[in-house]
Every structure is written in structure tokens, then in C-alpha cells.
Amino acid sequence: MKNIVILISGRGSNMEAVVRAAQREGWPARVAAVISNKPDAKGLAFAEAHGIPTAVVVSKEYPDRASFDAALQREIDRFAPDLVVLAGFMRILTAPFVAHYAGRMLNIHPSLLPAFPGLDTHKKALEAGVPEHGATVHFVTAELDHGPMVAQARVPVLPGDTEDTLAARVLAEEHKLYPYAVRLFVEDRLSIEQGDVRIAQFA
């Protein structure tokens, strides 16, 4: 049974999707904790209602990124994680923190990486006039939004789309994509070979 620790900063809708899928599909894993850097993150209430331990490490209470990451790492490691899942965790992580969880930390990004890393992805997609947009699950590395890709989901960019309508369509796909990718990890079906992700098929 693998332990998953999920990090959130807000409502945690992708966290909810992972929790519900794990329970519904009977994964060989449990969500051991949900941790936020904001005490008012709405996702904490969902976790508590589902009997999942929660913790808060307030980023504003630390003088710099390194000291916050060190405190966060201590809190995460209390739950002996096999996998750390970033679900709308709005912090840029330091290289030592990322190295500590190398090969066992996933993130979901709302674009078809390598296109549109960083923020404002839906705005960038509309401004670029691309025909399709989507989301990417990837392993986290020290370079922002550049880790080995596990899976992607694509949606068409429709005439008349706004940032909000496009974001809503992408988010609906994220809620299916992220549980799929996390399940691959907990079932030991993911490996990284020469910087690329390999997915083992069931026999």
C-alpha cells in the first residue's frame, strides 16, 4: 500500500478527483495527507470530511523559499510518502526540495507542454491562436514545467472561446487525466529511461 501526499493551495479540485478515484477504483494506495501553504485553502475541508489528515505550512511565515521548503519537506516526510502530488500548489520549489522527491513527485500543468509553461496558459493559448489546448502530467524537476511527461489530454479551442470557457474545458479533462497518471505510478507502471517516461502495459 503506497502513501500519497497531496499539496494544494486552493480548492483542490484535482486533489478531490484523485481522492475519489483512489476510493472508487480500489488503488493499492491511500492518500496519507493533504498539505496546504494557505490555512484558508478550501480543499482542506474536503480532505477532513473524507478522514484524510491535513496540515498547513504557511509560506508567509518563512523568510525565504529555502526555509519554507525545508519546513514543508519535514511535514511531508512525517507521512512517509511514496508519491507527492502537486494539485494546484502555487509555489516554485527549490532544487534541493525537488531533488529530495526526484522520481516520486508529479504535477499537472494546464497546457500541452512544452507549450506555454508558467502562468496564464489559457490566455497564451488564445493569443497564439492554437487549434487545441489541454493539460500535461509530468514528473517534477528543478526546471519549471519541464519534467518528463507522463500523459496529456487535449481539447479543441473553439470559436468564441474565452479564458474561462477554455479553462473549464481543460479542467474537466484534468480531473480524468490526473487520477489516471497517479494510478499508473501507484501500480508501478511508470519508469523514466533517458529522460522519457515509459508506461508498462498490463499482461
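1. R24 is exposed in this predicted model, its relative accessible area being 61%. The side chain of R24 meets that of E25 in a salt bridge, with an N to O distance of 3.5 Å. E25 has 33% relative accessibility and counts as partly exposed, because that class lies between the 20% and 50% cut-offs.

2. A second salt bridge joins the side chains of E193 and R198, at 3.7 Å from N to O. Both residues are partly exposed: E193 has a relative accessible area of 40%, and R198 one of 38%. As for networks, R24 and E25 belong to one that also takes in R183, E187 and R189, joined through salt bridges that share partners.

3. The total stands at eleven salt bridges. One of the pairs is K2 with D188, whose closest N and O atoms are 2.9 Å apart. K2 sits in strand β1 (residues 2-8), while D188 is in the loop between α6 and β8 (190-193), so this pair ties together parts that are 186 residues apart in sequence.

4. Are the two partners of that bridge buried or exposed? K2 is buried, with a relative accessible area of 18%. D188, at 57% relative accessibility, counts as exposed. The classes follow from the cut-offs, because buried means under 20% and exposed means over 50%. Side chains of opposite charge can pair when their charged atoms come close.

5. Which residues form a negative surface patch? D120, E127, E163 and D164 do. A residue in such a patch has no salt bridge, so these four stand apart from the pairs described above. D164 is placed in helix α6, which covers residues 163-186. With a relative accessible area of 63%, D164 is exposed, because the cut-off for that class is over 50%.

6. S59 is found in the loop that runs between β3 (54-56) and α3 (65-77). Its relative accessibility is 13%, and S59 therefore counts as buried. Which residues does S59 touch, leaving aside those up to four places away in sequence? The contacts are N37, F68 and R91.

7. To recap the points on exposure: R24 is exposed at 61%, D164 is exposed at 63%, and D188 is exposed at 57%. On the buried side are K2 at 18% and S59 at 13%. E25, E193 and R198 are partly exposed.

Terms used
Residues are numbered from 1 along each chain as its sequence is written. This is a predicted model: local features need pLDDT of at least 70, side-chain atom pairs count only at pLDDT 80 or more; totals for chains, interfaces and linings use all residues. Side-chain values use heavy atoms; hydrogens and water are left out. Patches are made of residues with over 30% relative accessible area and no salt bridge: like charges are joined within 9 Å, nonpolar side chains (Val, Leu, Ile, Met, Phe, Trp, Tyr) within 5 Å. Accessible areas come from the Shrake-Rupley method with a 1.4 Å probe; for residues, only the protein chains shown count as cover. Lys and Arg count as positive and Asp and Glu as negative; His and the chain ends are not counted. The place of a charge is taken as NZ of Lys, CZ of Arg, CG of Asp or CD of Glu. Helices (H or I, at least four residues) and strands (E, at least two) are DSSP runs, numbered from the N terminus. Buried means under 20% relative accessible area, exposed over 50%, partly exposed in between (1.4 Å probe, protein chains only). Contact means heavy atoms within 4.5 Å.
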